[in-house]
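Hi everyone, thanks for making the time this morning. Please have the structure open so that you can follow along as I talk.

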Protein chains: 2
Amino acid sequence: MKENVRVIIWGPGAMGGGMAKMLLKKKGVEIVGAIGNRSKGKDFYEHIGVEQGNHPDLKIGSVEDVIKPGVADIVMLATDSFTKDSFPKMKLILENKMNCITTAEEMAYPKAQSPELAEELDRLAKENGVTLLGTGINPGLIMDLLVLVWTGCMENVEEITSRRVNSLSPFGELVMHEQGVGITVEEFDKRRAAGKMTGHVGFAESVGMIADGIGWEVDKFEQDMEPIITEVDRKSPHGFAKAGNLAGVNMTAEGYVDGVARIHMQHPQQIEPEQVGISTGDYVFIKGSPEVNMSNSPEIEGGIGTYAMCVNMIPQVINATPGLKTMLDLPCPRAIMGDMRDRIER
Amino acid sequence: MKENVRVIIWGPGAMGGGMAKMLLKKKGVEIVGAIGNRSKGKDFYEHIGVEQGNHPDLKIGSVEDVIKPGVADIVMLATDSFTKDSFPKMKLILENKMNCITTAEEMAYPKAQSPELAEELDRLAKENGVTLLGTGINPGLIMDLLVLVWTGCMENVEEITSRRVNSLSPFGELVMHEQGVGITVEEFDKRRAAGKMTGHVGFAESVGMIADGIGWEVDKFEQDMEPIITEVDRKSPHGFAKAGNLAGVNMTAEGYVDGVARIHMQHPQQIEPEQVGISTGDYVFIKGSPEVNMSNSPEIEGGIGTYAMCVNMIPQVINATPGLKTMLDLPCPRAIMGDMRDRIER
């Protein structure tokens with residue numbers, strides 16, 4: 001019998017916990033370690049809110065307790081959004097000769113904004129004979145890889161629009177705050193001017209991946225964020241937006257090729273879009289030959305989509321040649337309904 | 001300067017000619033040979049109906065004239081639908097140490113129906129250090145790879161429906177005949193009983209690729225073909241169906257997993273579907289967590305979709321490790337808008 005795939009969860013929050021719960025239901029894989037700063041010392045299963053069942057005892061530990069050479073096949077890192085914040089953690093994982101998948105949005109295509117760190121990570125991964133990937137639902141699939149797959153049946157691509165219209169209603173208070181739900185327009189302007197409205201992280205990465213993927217050179221990249229002002233009161237489980245205030249934000253970006261805006265990203269995020277007649281969904285429109293006019297409605301929910309993408313890419317990452325990879329380099333993502341060991345080429 | 005990617009076209013008909021016309025517009029690639037039985041000796045450009053422009057002179061040759069060790073990086077084989085018919089040609093290509101992409105539908109997942117030939121092809125490819133791939137729009141993308149990509153963001157997959165509703169109106173007389181357009185129900189029954197209604201080739205391959213891709217074991221596979229009887233007269237450029245006769249055929253298939261039909265394929269093909277209120281399109285519905293409810297309407301046209309998929313996979317095939325590959329093994333298809341040489345890892 002082949003050995004189980006051994007996984008460490010670094011950051012047992014919503015994403016790391018989601019991955020863990022998914023992994024615990026799969027065959028041929030086991031969680032051999034968990035790292036959490038705030039949750040250190042706690043029982044892992046209790047912390048993520050799942051029955052231990054037949055799974056071995058597991059306490060959440062510190063980095064020093066858990067990260068040791070080759071104790072796992074792969075570390076799932078779910079702690080940051082930005083490459084520079086997650087860099088020291090990834091460095092440590094690679095130097096301990098373990099593969100790594102991270103949810104850090106910028107890591108989906110790190111050379112877009114941190115080319116030097118990307119080179120250093122590639123060097124470290126190769127030196128240690130392991131593989132590193134950043135992925136998730138977006139960036140990682142909906143607004144980049146899926147677009148590229150559609151171009152795969154095209155002779156000529158002229159203009160790409162990727163639109164993701166989602167509802168923030170399922171999310172908690174942190175997201176309500178981050179996306180400015182319920183704040184006044186004045187407050188939004190103040191926060192934006194102070195650089196305190198992060199919004200969606202990933203447009204530079206998605207545009208970079210699409211452009212490099214098909215061979216376009218982007219000579220200008222622009223990103224914008226505008227308030228979505230509601231005309232009626234909107235209420236979601238964790239948010240409330242009074243008429244005249246923000247129900248969310250509309251993020252857009254453009255990638256210019258030869259001076260023409262050829263890649264358009266549209267990503268409005270708000271609570272209760274249905275209340276004002278807005279359908280949610282994922283859309284890909286591509287002008288060229290042939291044309292693509294795709295919709296998936298409602299949209300794939302961001303939380304489950306992200307942790308499922310990370311888990312489902314484990315075999316591809318373990319099987320890959322060493323180095324920093326992107327979704328462009330690996331075989332396509334797909335669900336794992338059988339034994340994970342059957343996917344691993346030893 | 002890096003050398004151009006060198007391509008041979010074997011079978012300069014609708015598909016091979018389409019690939020050639022597409023390749024002639026791309027950078028960093030050149031057509032160095034063409035093989036045609038019926039068109040031998042003819043000028044290649046004239047035969048496929050395109051201006052020669054600055055491209056070098058090229059006459060269509062015989063197999064013996066054109067296939068010589070390593071004279072091209074890749075041979076595009078567009079002559080057959082079935083693995084056994086294309087086998088001797090692929091064998092010759094591999095033995096002459098050239099990579100190969102074929103449009104043969106069964107070659108999209110040859111182990112579904114010809115596991116022994118698939119093994120032999122894999123052995124031959126490895127022995128000669130080259131790579132072999134079968135692809136196209138369907139099988140190859142719409143009813144299999146695209147479905148798999150969507151499962152990539154899923155935690156759990158319960159049931160898959162892939163539906164491709166297309167119009168036969170753009171096609172010529174050969175397709176009208178093959179799909180039974182205009183024939184009576186009696187004629188259809190007679191032809192079907194005699195095994196002379198081929199219809200769509202690819203369901204066994206698509207179902208096999210999906211099941212293996214996510215780790216389901218298919219314990220039963222069923223395929224059916226029913227006449228689409230028109231209630232009104234329908235007329236297309238090359239077809240005519242009188243009311244009461246066939247406007248086309250509806251092909252369906254089911255893949256059973258643990259005794260339950262979990263993979264459904266639905267592929268009605270007919271002339272003038274709009275005339276009776278039927279919208280054409282490509283659809284993916286997946287039950288599970290999360291759910292997928294995708295449509296692309298109108299459908300991707302089969303001809304351009306197939307030759308574009310083949311051309312766009314050239315870099316992935318040249319870069320791959322030796323052996324017989326499927327779309328499951330290689331990085332995702334994507335358009336080539338830049339120089340093809342930039343994609344080749346020498």
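Leaving aside its neighbours within four places in sequence, which residues is Ile48(A) in contact with? They are Pro12(A), Gly17(A), Ala20(A), Lys21(A) and Leu24(A), where contact means heavy atoms within 4.5 Å.

Before I go further, some housekeeping. This is a predicted model, so local features need pLDDT of at least 70, side-chain atom pairs count only at pLDDT 80 or more, and totals for chains, interfaces and linings use all residues. Residues are numbered from 1 along each chain as its sequence is written, chains are lettered from A and ligands numbered from 1 in the order in which they are written, and side-chain values use heavy atoms, with hydrogens and water left out.

Back to Ile48(A). You will find Ile48(A) in helix H2 (residues 44–48) of chain A; helices (H or I, at least four residues) and strands (E, at least two) are DSSP runs, numbered from the N terminus. Ile48(A) has a relative accessible area of 7%, so it is buried. For the cut-offs, buried means under 20% relative accessible area, exposed over 50%, and partly exposed in between, with a 1.4 Å probe and protein chains only. Gly18(A) is 30 residues from Ile48(A) in sequence, yet their C-alpha atoms are 8.1 Å apart in space.

Now to helix H4 of chain A, residues 83–95. Its 13 residues reach 17 Å from first C-alpha to last, close to the expected 18 Å, that expectation being 1.5 Å times one less than the number of residues. H4(A) also bends by about 30° at Lys89(A), taken as the angle between axes fitted to the seven residues ending there and the seven starting there. Which residues of H4(A) are buried? Thr83(A), Ser86(A), Phe87(A), Met90(A), Ile93(A) and Leu94(A) are. The cover over them includes strands S1 (5–10), S3 (74–77), S4 (99–102) and S5 (131–134), along with helix H5 (115–127), of chain A. After H4(A) comes Lys97(A), with a positive phi near 60°.

Arg6(B) pairs with Asp73(B), with the closest N and O atoms 3.3 Å apart. This pair links distant parts of the chain, 67 residues apart: Arg6(B) sits in strand S1 (residues 5–10) of chain B and Asp73(B) in the loop between helix H3 (63–66) and strand S3 (74–77) of chain B. Arg6(B) is partly exposed at 23%, whereas Asp73(B) is buried at 16%.

In the second, the closest N and O atoms of Asp122(B) and Lys126(B) are 2.8 Å apart. These two are four residues apart in helix H5 (residues 115–127) of chain B, so about one helical turn separates them.

In the third, Arg164(B) meets Asp282(B) at 2.7 Å, N to O. Again distant parts of the chain are linked, with Arg164(B) in strand S6 (residues 156–167) and Asp282(B) in strand S12 (residues 281–289) of chain B, 118 residues apart. Arg164(B) is buried at 2% relative accessibility, and Asp282(B) is buried at 0%.

That's my tour, and I'm happy to take questions!

Definitions and conventions: Salt bridge = Lys/Arg side-chain N within 4 Å of Asp/Glu carboxyl O.
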